[in-house]
Amino acid sequence: MATELQTRPPAETDPILLSGALRIIIALFVIIPLVAVAVAIPVAWGGFLGWSDVALVIGFWALTALGITIGFHRFFTHGSFKAPRAIKILLAVAGSMALEGPITQWVADHRKHHKFSDDIGDPHSPWRFGTSKRAIAKGLYFAHMGWFFDEPQSSVATYAPDIAADKDLDRIARMFPLLVIASMALPAIIGGLVTWSWMGALTGFFWGTLFRIAFVHHVTWSINSICHVFGTRPFTSRDLSSNVAWLAIPSFGESWHNLHHVDPTSARHGVLRGQIDISASLIRGLERLGLATDVRWPKPLRLAGKLKDPAMAPRVRGYAAAVRAKAALVPVPST
Ligand SMILES: [Zn+2]
Ligand SMILES: [Zn+2]
C-alpha cells in the first residue's frame, strides 16, 4: 500500500457524514463473512459441525480473546491490575494464541496508538487519509487490517521496555511461533481425540482454528476501525474514539472505547449503567479469588466530570454511592 501523508482528524464538533452506500460496504466487510458462517451452520449441522466443534469454538474463542482483552490489553499494556506470576504467564500465553503478534509488539503498537490517538503517529487511525467519504472508507480498511502491511513497527525499546525486560514475557514473545502452531493444532487434536475420528480432527480444525481465529481477529480489529468512527462519544476525549454497543459482547467489553481513551488504566471500560463488560466482571472474579490485586476500578465522580452532558452523571455506575460517600465526609455546618 502506498504511503500517503497523514492528515489530522476533524474537530470533534465536525459532523461525520457517511453515505448509506459506505455504511453498507463497511457492514458487508465486517458482518457478511460471519453471517455466511451462521447461515451455513444449519446446513452443516451433524455433518460438518458437531457438538465437539461448538465446544472447541467457544473454548478457544474465550481463552484467546480474553487473553487479549484482560491480558495483553488491560493487564500488560495499561497495568489495570497486578497479578501473581502464574496468572501473568497464563494471560501472556492465552493472548499469544490469538495470533495477533508477539506480546512485546502488541503492547508497543497499542501504547503508541494511545499516545498519538487519531493524530499523526497513530499506527492505525481510520482518519489517516483524510475526512472525505472515500478517505474514510480507505481509512477504515487501513485501521482494520491494512496497517499490518504498511506501518513500520512501533519500537519495543521505546514503548514496551518493561515487557521486554520481564524474563517470562521475553521468553513467551520468543516462543510466539510455537504458540501459533499450538493454537492452530490443538483444536484439531482435541476434536480428533474426542470423536476418535479423522473427520472430528478436520472439523475441529475448521471451526476451532480457522473460524475462531478469523472471528477473534475481526472483533479485535473492529475496535481499531469501527470504534474510532461510528458510535457515541459521551465523554470528552482528545480523539475520535467511540462506544459501540453491538460489539460489547463479542469484544468482551472492549467496544466501550470512548471511555477507554478517556481513562486508559481503568479495569472497567463499560462504566455507564447497562454497559456489559465481561472482561471487567472476570477481573472482579479474579480479585475476589485473590488472583488480581491493586485493581484500578473507575472513580465515578471523576468520570462524571468528563461527561459532555453533566445530566448523564447518574448513569455512571456507582455515582450515587460516591456522591453519598463524599457528602458523609463533608461536615455539615451547624446552624
Ligand atoms: Zn483506540
Ligand atoms: Zn488501550
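The following questions and answers go through a predicted model of one protein chain.

User: What conventions apply to this model and its numbering?
Analyst: Residues are numbered from 1 along each chain as its sequence is written, while chains are lettered from A and ligands numbered from 1 in the order in which they are written. The model is predicted, with local features needing pLDDT of at least 70, side-chain atom pairs counting only at pLDDT 80 or more, and totals for chains, interfaces and linings using all residues.

User: How many helices and strands does the protein chain have?
Analyst: Helices (H or I, at least four residues) and strands (E, at least two) are DSSP runs, numbered from the N terminus. Read along the sequence, the pattern is α-α-α-α-α-α-α-α-α-α-α-α-α-α. The count is 14 helices and zero strands.

User: What percentage of the residues in the protein chain is buried?
Analyst: A residue is buried if 20 or more other C-beta atoms lie within 10 Å of its own, exposed if 12 or fewer, and partly exposed in between, with C-beta atoms placed from the backbone. Of the 335 residues in the protein chain, the buried part is 42%.

User: What share of the contacts with a separation of 6 or more comes from residues 24 or more positions apart?
Analyst: Two residues are in contact if their C-beta atoms, placed from the backbone, lie within 7 Å. Among contacts in the protein chain with a separation of 6 or more, residues 24 or more positions apart account for 65%.

User: Why is H2 described as roughly perpendicular to H12?
Analyst: H2 and helix H12 (residues 278–288) pack with their axes 10 Å apart, at an angle of about 75°. Axes are lines fitted to C-alpha atoms, for helices over the stretch in contact, and angles run from 0 to 180 degrees between N-to-C directions. Angles under 35 degrees count as roughly parallel, over 145 as roughly antiparallel, 65 to 115 as roughly perpendicular and the rest as oblique. The angle therefore makes H2 and H12 roughly perpendicular.

User: Which residues of H2 and H3 meet?
Analyst: These helices pack at an angle of about 120°, with their axes 7 Å apart, and are therefore oblique to each other. From H2 come Leu63, Thr64, Leu66, Gly67, Ile68, Ile70, Gly71, Phe72 and Phe75, and from H3 come Leu91, Ala92, Ala94 and Gly95.

User: What is the handedness of the crossing of H5 and H10?
Analyst: Helix H5 (residues 133–144) and helix H10 (residues 198–225) have axes 7 Å apart and an angle of about 135°, which makes H5 oblique to H10. The crossing is right-handed.

User: Is Gly200 buried or exposed?
Analyst: Gly200 is found in helix H10. Beyond four places in sequence, Gly200 is in contact with Ser52, Gly191, Gly192, Val194 and Thr195. Because Gly200 has 20 C-beta neighbours inside 10 Å, it counts as buried.

User: How far apart are the C-alpha atoms of Ile190 and Leu56?
Analyst: Ile190 lies in helix H9 (residues 176–195) and counts as partly exposed, with 19 C-beta neighbours inside 10 Å. Leaving aside neighbours within four places in sequence, Ile190 is in contact with Leu56 and Gly204. Ile190 and Leu56 are 134 residues apart along the chain, and their C-alpha atoms are separated by 8.2 Å.

User: What is the phi of Trp196?
Analyst: Trp196 lies in the loop between H9 and H10 and is exposed, with 8 other C-beta atoms within 10 Å. Although Trp196 is not a glycine, its phi is positive, at about 50°.

How values were computed. A crossing is left-handed if the near helix is turned anticlockwise from the far one by less than a right angle, and right-handed if clockwise.
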